[in-house]
Amino acid sequence: MTLPHDEAAAPSNDLPGADAATLTIDLDALGANWRLLRDRSRDGACAAVVKANAYGTGIERAVPALAKAGCRTFFVAQVSEGRRVRRVDPAAEIYLLDGLPPGGAGELVAANLRPVLGSAEEVREWIAACGGSALPAALHVDTGMNRLGLPVEEALALAGEGAFAGLGDTLLMTHLVVAEDPGHPINARQAEAFRALMRAFPGARTSFANSSGGFLPDAPACDLARPGYSLYGGNPTPHHENPMRPVIRLEATILQVREIPAGAGAGYGTHWTAPGPRRLATIALGYADGYPRAAGGTDAKIAAGTPYGQALVGGVRCPFAGVLSMDLTILDVGDAPEASARRGETAVLIGDGLEIDEVGMRAGTIGYEILTGLGDRYRRVYVGDGSGAGG
Ligand SMILES: *Cc1c(COP(=O)(O)O)cnc(C)c1O
């Protein structure tokens with residue numbers, strides 16, 4: 001099957017040189033992850049959250065792969081993302097998490113996109129724009145995030161007044177604050193609030209769990225799970241082994257290798273000093289590629305025991321030496337096999353057990369930010385198609 005592919009809308013390096021870092025995206029692993037989440041979920045069905053260009057993996061390739069795996073419902077943040085999903089999946093149910101843009105209801109109706117309504121005002125605008133035809137939408141109730149959605153009391157009061165009667169097929173949803181920490185008391189409070197809402201909206205379909213929420217023991221059983229991060233290989237259970245298959249692999253080419261004496265610095269600002277004679281390799285990947293500069297290896301971090309970036313060379317973990325430059329990163333390859341630490345060989349930045357969660361931690365952030373920051377200068381290689389047929 002040939003898929004419509006909008007090159008302008010899909011960030012990719014169309015003319016990558018041999019020096020471009022390679023981002024490999026395994027669409028079969030993506031499809032397998034979706035099926036695993038669907039099978040493990042106590043919810044009736046499983047959607048896929050594909051906002052932010054499918055967490056950096058590329059909407060135009062991720063959505064058809066997820067559809068092939070069986071996914072029918074997609075969540076994005078913004079209208080432009082919804083349009084991109086619609087283009088590659090004409091039959092999909094598409095929800096916009098950011099809600100109804102002011103004055104945008106007509107545009108959404110025309111594009112067959114469903115808003116996640118987050119206020120009484122949005123509900124009124126949507127009902128008016130539907131012109132009596134009661135189109136489907138989601139209703140977002142805020143049970144603790146204080147970000148988007150109707151406060152619980154307001155939603156319950158409005159339900160009592162029949163304010164939502166003009167809505168069509170309604171997906172009642174809320175969003176978890178700390179689902180990745182099952183012991184946190186706010187999970188139980190959010191679950192309890194959502195159970196009360198489910199009773200007040202007996203006709204609505206329901207959606208509670210994001211990636212980590214699907215692994216909470218006491219989450220209410222709903223109609224639709226809404227995982228994002230875990231689809232792309234992120235660990236939904238950060239304190240346990242990752243049940244997901246890795247989707248992303250990032251490799252960069254070694255451009256030069258050099259020997260330096262003890263006491264020599266490396267990189268801008270000489271924030272790193274060689275503790276002894278070292279062998280350094282410079283790779284073609286920098287912060288302009290979306291890899292955080294904050295992952296740099298500095299004397300201060302080493303002294304404080306603060307984690308910092310690593311890459312695998314010949315299967316051996318090699319720490320970053322100094323801060324990342326725009327286009328380049330220096331690795332201390334002293335422990336790597338010499339045959340692998342050579343010009344033209346590759347260093348693995350994500351993959352082979354170096355997971356996105358760890359990469360995020362080593363950059364002082366989370367894996368989500370690593371994924372959504374993946375740059376547009378990479379040579380993007382897609383393998384598989386979501387069916388899993390290719391392995
Ligand atoms: C992003 C988002 C999700 C997906 O969350 P993950 O942690 O990536 O699984 C689900 N619901 C809402 C409202 C979101 O904003």
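**Burial and pocket lining in the predicted model**

Gln190 lies in helix 8 (residues 185–200), where helices are DSSP runs of H or I with at least four residues and strands are E runs of at least two, numbered from the N terminus. The structure is a predicted model, in which local features need pLDDT of at least 70 and side-chain atom pairs count only at pLDDT 80 or more, whereas totals for chains, interfaces and linings use all residues. Residues are numbered from 1 along each chain as its sequence is written, and side-chain values use heavy atoms, without hydrogens and water.

Gln190 counts as buried because its relative accessibility is 0% (buried, under 20% relative accessible area; exposed, over 50%; partly exposed, in between; 1.4 Å probe, protein chains only). Leaving aside residues up to four places away in sequence, Gln190 touches Thr143, Gly144, His175, Leu176, Val177 and Phe208 (contact, heavy atoms within 4.5 Å).

Helix 4 (residues 79–88) is mostly covered, with seven of its 10 residues buried. These are Val79, Glu81, Gly82, Arg84, Val85, Arg86 and Val88. They pack against helix 2, helix 3 (59–69), helix 5 (105–111), strand 4 (73–76) and strand 5 (93–96).

Two or more lining residues come from each of helix 2 (51–55), helix 10 (356–362) and helix 11 (367–372). Helix 11 contributes the most, with four residues.
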